Amino acid sequence: MVIPVQFESIEEIRAIQRLACAADEDVFLHSPDNAIMVDAKSFIGLFTLDFSKPVNVVTESPYVIHQLTCRKT
């Protein structure tokens, strides 16, 4: 599943990294143009993305999907 997310703070970025570490399934963050794909568990890798724009969270983890969809409401 692909979920577009706009992160507003470093704490939100840290939260997605913690969610990814807690999930059994893979969690990736993609740039809007899909040119960059980063494993969300890699805090260093997250620095390659431009968070001033929405990024796509790509996962099949029911846990992560639930957490992100609850965040949006």
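Student: Leaving aside its neighbours within four places in sequence, which residues is F51 in contact with?

Tutor: F51 is in contact with Q6, F7, I13, L29 and L46, where contact means heavy atoms within 4.5 Å. Bear in mind that this is a predicted model: local features need pLDDT of at least 70, side-chain atom pairs count only at pLDDT 80 or more, and totals for chains, interfaces and linings use all residues. Residues are numbered from 1 along each chain as its sequence is written, and side-chain values use heavy atoms, with hydrogens and water left out.

Student: What makes E11 and R14 a salt bridge?

Tutor: The rule asks for a side-chain nitrogen of Lys or Arg within 4 Å of a carboxyl oxygen of Asp or Glu. The N to O distance for E11 and R14 is 3.8 Å, so the pair passes. They sit three residues apart in helix α1, which means about one helical turn between them (a helix is a DSSP run of H or I, at least four residues, numbered from the N terminus).

Student: Why is E11 called partly exposed?

Tutor: Buried is under 20% relative accessible area, exposed is over 50%, and partly exposed is in between (1.4 Å probe, protein chains only). E11 has 38%, so it counts as partly exposed. R14, at 39%, is partly exposed too.

Student: What about R18 and E11?

Tutor: Their closest N and O atoms are 2.8 Å apart, so this is a salt bridge as well.

How values were computed. Helices (H or I, at least four residues) and strands (E, at least two) are DSSP runs, numbered from the N terminus.
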